[in-house]
Amino acid sequence: GIRDSSVTGVQTCALPIFGTLNKGESFLEDKQYPEAIKTIETALDLAKLNQINNYNHFGYNLWGRAHREQESYDKALDYYEQSILNNQYYYPAQIGKGVTLNYLEKLQEALDAFNQILINQDRYNNFDDAKRAEVWFYKGLVFEKLNQCQRAIAAYETAIQYRPDYQAAEEARLAAQKRCQ
């Protein structure tokens, strides 16, 4: 149809896009990957048709996550990169990129991605101690793969300082301490 360029028209077009992306995210939560990917594609097509780019970072990030969870890491990385191109400081895409690089065994690139998040932490919306802890936890996993035991333990300890109830970090720290003896 004809796009109404008034503020009301854009908001009217944006609501179905946002709703469709949320539906895609729900499919993703339920591990219904084909439905998630198709729904997200529909939302991004609708956004493109209506020249609304506000949600591209969200959609590409969801696509990245869907592909990462299906272990299609190269595709996931491409979609995370697209998300970041649309919103450089979108935390879910940045952390997803780092995690995916780790899965791809691109360990120095993964560390670089996590370090960039920490360097730019003031630019992210709602960057809190839970997110700081998450970044440090993932850095610890990379340090372990690099056989840098002491750095891994220190990273896990930093994660726990930011989030004392972080069970995965505590378990990883204890396991790394056993391996490093």
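In this briefing, a residue is buried when its relative accessible area is under 20%, exposed when it is over 50%, and partly exposed in between, using a 1.4 Å probe and protein chains only. By that rule Ile17 is buried, because its relative accessibility is 1%. The model is a predicted one, where local features need pLDDT of at least 70, side-chain atom pairs count only at pLDDT 80 or more, and totals for chains, interfaces and linings use all residues. Residues are numbered from 1 along each chain as its sequence is written, and side-chain values use heavy atoms, with hydrogens and water left out.

**Overall build**

- The protein chain contains 9 helices and 0 strands; helices (H or I, at least four residues) and strands (E, at least two) are DSSP runs, numbered from the N terminus.
- Along the principal axes, the C-alpha atoms fill a box of roughly 70 × 30 × 25 Å.
- The protein chain has 181 residues, and 46% of them count as buried.
- A contact means heavy atoms within 4.5 Å. Among contacts in the protein chain with a separation of 6 or more, 51% are between residues 24 or more positions apart.

- Ile17 sits in helix 1 (residues 7–29). Leaving out residues up to four places away in sequence, Ile17 touches Ala43, Leu46, Ala47, Ile52 and Tyr55.
- Between Ile17 and Leu118 there are 31 Å in space, C-alpha to C-alpha, and the two are 101 residues apart in sequence.
- His67 belongs to helix 3 and is buried, as its relative accessible area is 9%. Apart from neighbours within four places in sequence, His67 is in contact with Ile37, Ser72, Lys75, Ala76 and Tyr79.

**Aromatic rings**

- Rings of Phe, Tyr and Trp (its six-membered ring) pair if their centres lie within 6.5 Å; planes under 30 degrees apart count as stacked, over 60 as edge-to-face and the rest as tilted.
- A search of the whole structure turns up 12 aromatic pairs. One of the pairs joins Tyr91 and Tyr124 edge-to-face, with 6.1 Å centre to centre and 90° between the planes.
- That pair bridges distant parts of the chain, 33 residues apart: Tyr91 is in helix 5 (residues 91–103), while Tyr124 is in the loop between helix 6 (107–119) and helix 7 (129–145).
- Are Tyr91 and Tyr124 buried or exposed? Tyr91 counts as buried at 6% relative accessibility, and Tyr124 counts as buried at 6% relative accessibility.
- The rings of Phe137 and Tyr138 also pair edge-to-face, because their planes stand at 65° with the centres 5.4 Å apart. Phe137 is buried, with a relative accessible area of 11%.
- Ring pairs connect Phe114, Phe137, Tyr138, Tyr156 and Tyr166 in a cluster.

**Charges over rings**

- A charge sits over a ring if NZ of Lys or CZ of Arg is within 6 Å of the ring centre and within 35 degrees of the ring normal.
- Lys139 lies over the face of Trp136, 4.2 Å from the ring centre.
- Arg163 lies over the face of Tyr166, at 4.2 Å from the ring centre.

**The largest pocket**

- On a 1 Å grid over the protein atoms alone, a pocket is an open set of points where a 1.4 Å probe fits, with protein on both sides within 12 Å along at least five of seven lines; lining residues have an atom within 4 Å of a point.
- The largest pocket has a volume of about 210 Å³, where grid points are joined across faces, edges and corners and the volume is the space filled by probe spheres set on the points.
- Of its 14 lining residues, Asn61, Arg65, Arg68, Pro92 and Ile95 lie nearest the centre of the largest pocket.
- Helix 3 (56–69), helix 5 and helix 7 each give at least two residues to this lining, and the largest share, 5 residues, comes from helix 3.

**Positive phi in two loops**

- Asn126, in the loop between helix 6 and helix 7, is a residue other than glycine with a positive phi near 55°. Asn126 counts as exposed, at 65% relative accessibility.
- Asn147 is not a glycine either, yet its phi is positive, about 55°. Asn147 is found in the loop between helix 7 and helix 8 (149–162) and counts as exposed at 70% relative accessibility.
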